[in-house]
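Let's work through a few exercises together. Keep the model open beside you and try each one before reading its solution.

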Amino acid sequence: MEANVRWVALTAVAPVAWGANYFVTHEFLPADHPLYGAALRALPAGLVLLALCRRRPHGAWWGRSAVLGLLNVSVFFFLVFTASQLLPTSVASTVMAVSPLVMMLAAWPLVAERPGVAHLAGALIGLGGVCLMLLGGADGISLPGVLASAAAVLVSSVGHVLAKRWNAGAAGTGVLASTAWQLTAGGLLLLPVAVAVEGAPPPMSPSALLAFCYVGLVATALAFAAWFAGLRRLPAGTVGLIGLLNPVTGVLLGTAVAGEALTVRQLGGLALVLGGVALGRPPGKGGRAGRGRQREPAAPAGRTTSYAADRPSRRDCPCPGGLRR
């Protein structure tokens, strides 16, 4: 159980950073350059992680990195940037609250991971909490922005489940390396499109440069490494529930920056969201039972190797401090 708590805490870094990212993007980044905004978020972060891991893709990972880079980075970052500019921070992050349900449904056919009752109940409770927190805040809602945010949920859910499936069958890949490859591939795919569509890069003010540092290093490099580490060790349903911290962060940050007090309704919604996350936490002593249940169904068709042999040892643990050199 203690090991599961550590993995949940590490994974939670990602949605908290992403919740703050909506505010930073909306307030400080150039609104009329979404392709450059996405490319400048992805490529520097990918190159930093690539320099740290010092590994190139191998074999099937050349194609996998391109596919995951397109889904999880190129398309997703563009849609998130667009939604962040068109919607208030709280609304943009709220739409992402449906990601647990979408990720669970995507995990069922892609990795044969059937969502449990606790996961579904936690997702519904958490989603109800988010709606309770934000219901009634209809000012400034843009239909294109909502559609962009909903499309981002769908694209990223499929991409994240594919990343979980492909990482499960590649014991020597490592989370840091696969994250670096995805970000670099996604950034390289975005850059020529940005030049062709948007022309010259946007002018950068000091505040925009600082914002890009946060967006690239914290909300991308650190957050994606933590997120994919959680996907490798935790059930997709649990990771999706942790993602509910994204809209919670957006609401709390907006409240703190605007100096507004939380209402009783918002506090009740926050309690429901945190309760949903706790309900969907994987069971098992030391995390062994939880990992065993969620790894077994992820075998590719026709594979006969035992899962006991595939499970990474502590030396191969993709968490910080256990990275393979």
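The expected span of a helix is 1.5 Å times one less than its number of residues. Bear in mind that this is a predicted model.

**Exercise 1.** Compare the span of helix α8 with the expected value.

*Solution.* Start with the residues: α8 runs over 175-198, which makes 24 of them. Next, take the span from the first C-alpha to the last, which is 33 Å. Just past the end of α8, look at G199, whose phi is positive at about 75°.

**Exercise 2.** Work out how α3 and α9 are oriented to each other.

*Solution.* First get the angle: the axes cross at roughly 125° and come within 14 Å. Angles over 145 degrees would count as roughly antiparallel, and 65 to 115 as roughly perpendicular. The pair is therefore oblique. Now find who makes the contact: N72, F76 and F77 from α3, with T220, F224 and F228 from α9. As for handedness, the crossing is right-handed.

**Exercise 3.** Find the residues that touch the most other members of the largest nonpolar core.

*Solution.* This core holds 70 residues, and the ones to pick are W18, F76, F77, W227, F228 and I242. Helix α9 (residues 206-233) supplies the largest share, nine residues. Zoom in on W227: its contacts include W18, M103 and H160.

**Exercise 4.** Is R54 buried or exposed?

*Solution.* Locate R54 in the loop between α2 and α3. Its relative accessibility is 75%, and exposed means over 50%, so R54 is exposed. Its phi is also positive, near 55°. Most residues other than glycine have a negative phi.

How values were computed
Residues numbered from 1 in each chain as written. Predicted model: local features only at pLDDT ≥ 70, side-chain atom pairs only at ≥ 80, totals over all residues. Heavy atoms only, no water. Helix = DSSP H or I, 4+ residues; strand = E, 2+ residues; numbered from the N terminus. Buried < 20%, exposed > 50% of the residue type's maximum accessible area, 1.4 Å probe, protein only. Core = buried A, V, L, I, M, F, W, Y, C linked by side-chain atoms within 4.5 Å. Contact = heavy atoms within 4.5 Å. Axes fitted to C-alpha atoms, helices over the stretch in contact; angles between N-to-C directions. Parallel < 35°, antiparallel > 145°, perpendicular 65-115°, else oblique. Left-handed = near helix turned anticlockwise from the far one by under 90°. Lists of a residue's contacts leave out its neighbours within four places in sequence.
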